Amino acid sequence: MQYELIMSAITFDETDNAFSFYEIQSPGLDERFLKSREDAYKKLSHSPQFYSYINSAKDLRDIKIDNFPFVIIFKIIKIRFLS
């Protein structure tokens, strides 16, 4: 089962800021960042329950973006559809 990812506005802002930063640092680093982020999203959408809780309420989890100092903090939300 694949999960749908819903991202907050903050996520988009942080990604834009990181992309701009890496674009200035080194040619191609910005694209490598986006590729690593997309790889993390794919892993997350297929098995979000694989990742450990990061808080005592046990509702937040995280996944590291490979080769970059970023993590994606997420929550699994179960949606029930009424028939």
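The face of helix H1 turned away from its buried side carries the exposed residues Ala9, Ile10, Asn17 and Ile24. Here exposed means over 50% relative accessible area, buried means under 20%, and partly exposed lies in between (1.4 Å probe, protein chains only). This is a predicted model, in which local features need pLDDT of at least 70 and side-chain atom pairs count only at pLDDT 80 or more, while totals for chains, interfaces and linings use all residues. Residues are numbered from 1 along each chain as its sequence is written, and side-chain values use heavy atoms, with hydrogens and water left out.

Now to the other side of H1. Its buried residues are Thr15, Ala18 and Tyr22. Seen down the axis of H1, they fall within an arc of 70°, so they line one face of the helix; the arc is that of the directions from the helix axis to the C-beta atoms. These buried residues pack against H2 and E2.

What about the whole protein chain? Its secondary structure comes to two helices and two strands, in the order α-α-β-β along the sequence. Helices (H or I, at least four residues) and strands (E, at least two) are DSSP runs, numbered from the N terminus.

| Feature | Value |
|---|---|
| Span of the C-alpha trace along the principal axes | about 50 × 30 × 20 Å |
| Buried share of the 83 residues in the protein chain | 24% |
| H1, from its first C-alpha to its last | 25 Å |

Key: The expected span of a helix is 1.5 Å times one less than its number of residues. Contact means heavy atoms within 4.5 Å.
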